Amino acid sequence: MRGFLTSSLGVPSLAAPSIGVACATALALPLPALPATAVPAQPSTAVRPSDSGVPGRTRSLPLAPLSRERVLGSAPEQGVYRPSGERFSLVGVVWDDPDTELRGRVQVRTRSAGTGTWSGWQDVETHNADHGADPGTPEREARRVRGATAPLWVGDSDGVDVRVRAVGGGAQRSPAVEPKPPLPAGLHLELVDPGEEAPPPGAPADAPRTGLDTDAARAASAANTGIAHFGAREIPALGKRATERELARLQGPVRGKPHIGSRPRIVTRRGWGADESLREPGFAYSKQIKAVFVHHTASGNNYACSQTPSVIRSIYRYHVTSTGWRDIGYNFLVDKCGTVYEGRAGGVAKAVLGAHTLGFNGNSMGIGVIGTYGATKPSSAAVRAVARLTAWKLGLYGTNPRGKTYLTSGGGNLYPKGKKVRLNVISGHRDGFATECPGKRLYAKLGTARSGAARYQGR
């Protein structure tokens with residue numbers, strides 16, 4: 001997401017947290033045409049393969065100053081060019097200090113591993129600091145946390161060319177004399193290989209899957225055993241009456257008519273092939289779910305729904321290995337076909353603390369709609385899935401999707417730390433942080449999601 005400015009561990013329980021991650025649109029600032037080639041990558045690169053035997057890895061390439069003469073002054077510019085020899089499907093740029101803003105433009109082009117042809121230049125969203133753990137929390141203060149752009153899904157690729165150019169903010173000045181801010185220190189290009197596809201949902205629970213039978217994997221699966229069998233690759237949909245009976249079993253008898261939507265089908269972390277060895281051990285929780293923040297992942301719309309598990313594995317690896325978060329930031333993800341996926345580990349019926357809306361992760365839940373929705377309209381299936389998911393999850397906590405609620409800000413660019421903020425129960429990321437997320441086209445559909453969720457709850 002583009003910003004206009006710039007946990008404790010617990011044991012599983014139904015009353016717990018949520019935080020999410022990722023939203024943005026491409027910058028519109030034009031760049032002059034550049035030669036196709038940047039500076040070749042230096043030979044020293046960091047490769048971070050999986051420790052569990054699950055295929056997939058992250059390769060980190062340091063950026064170097066570009067030696068080309070520029071038409072418009074001497075703007076700081078760095079890049080890297082690797083024409084072949086890599087294998088990846090998602091890219092992003094990271095830097096050392098998470099509190100430093102990258103004031104500039106990041107563009108990338110990639111070579112298809114299947115055809116050998118190069119794509120056109122694509123913008124990568126640079127304003128991503130509005131995602132992440134709240135200020136002052138252990139996850140935010142960890143030494144491994146870095147600044148990062150949003151991730152961009154590019155599909156199966158084996159060559160890459162990236163350029164990062166600082167851009168000043170003086171609107172009244174000539175570009176030739178406009179002062180350029182320095183680029184952040186430690187810029188690296190992250191090339192993420194998601195590894196092989198996970199077994200499809202519905203495959204036998206005992207089907208072999210190298211690297212997923214670890215203590216961490218068993219703990220992640222066990223967190224859902226209150227509503228699904230151990231090792232499930234998906235949690236099946238329930239009818240209305242069965243969902244109401246489940247609510248009574250989880251929380252005890254409900255006074256009056258229960259307002260809860262039917263439980264939707266949810267693909268679990270095991271279903272999309274999460275390498276549980278990557279994330280931090282244990283789970284973090286909030287007390288309850290009072291609000292939902294809807295995001296777009298800003299990773300682009302050029303994916304098929306059959307590729308969604310790979311996209312999620314890539315975002316997960318980028319959030320943890322490249323950005324330094326304890327786990328993927330979102331509590332749930334929804335693809336353009338309307339399939340719901342479990343995000344951060346800890347149990348889909350619990351208040352898992354995420355890292356999606358800086359300052360408002362506590363007592364909330366983050367849903368990342370996979371894609372970029374500034375100019376592109378979200379599918380009706382995705383909007384309907386958001387409504388069904390929120391009708392069920394908010395129903396577990398007795399919350400009206402059409403209502404308002406108060407959350408206390410943990411600090412951000414829109415509200416100071418400690419301020420009580422009145423929000424829609426179903427809000428967009430931009431309601432808690434000055435950002436373009438979840439994109440104006442998705443944001444415009446939140447009213448539809450609220451009314452749909454309330455209807456599913458029987459209100």
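Reply: Here is a walk through the charged pairs, one after another. Keep in mind that this is a predicted model, where local features need pLDDT of at least 70, side-chain atom pairs count only at pLDDT 80 or more, and totals for chains, interfaces and linings use all residues. Residues are numbered from 1 along each chain as its sequence is written, and side-chain values use heavy atoms, leaving out hydrogens and water.

The structure holds 18 salt bridges, each one a side-chain nitrogen of Lys or Arg within 4 Å of a carboxyl oxygen of Asp or Glu. Take Arg 87 and Asp 156: their closest N and O atoms are 2.7 Å apart. That pair ties together distant parts of the chain, 69 residues apart, with Arg 87 in the loop between strands S5 and S6 and Asp 156 in strand S10. (Strands are DSSP runs of E, at least two residues, and are numbered from the N terminus.) Arg 87 is partly exposed at 46% relative accessible area, and Asp 156 is partly exposed too, at 40%; the label covers values between buried (under 20%) and exposed (over 50%), with a 1.4 Å probe and protein chains only.

Strand S10 also carries Asp 161, which pairs with Arg 109 in strand S7, 52 residues apart. The N to O distance there is 3.1 Å. Both partners are buried: Asp 161 at 1% and Arg 109 at 9%.

Definitions and conventions
Helix = DSSP H or I, 4+ residues; strand = E, 2+ residues; numbered from the N terminus.
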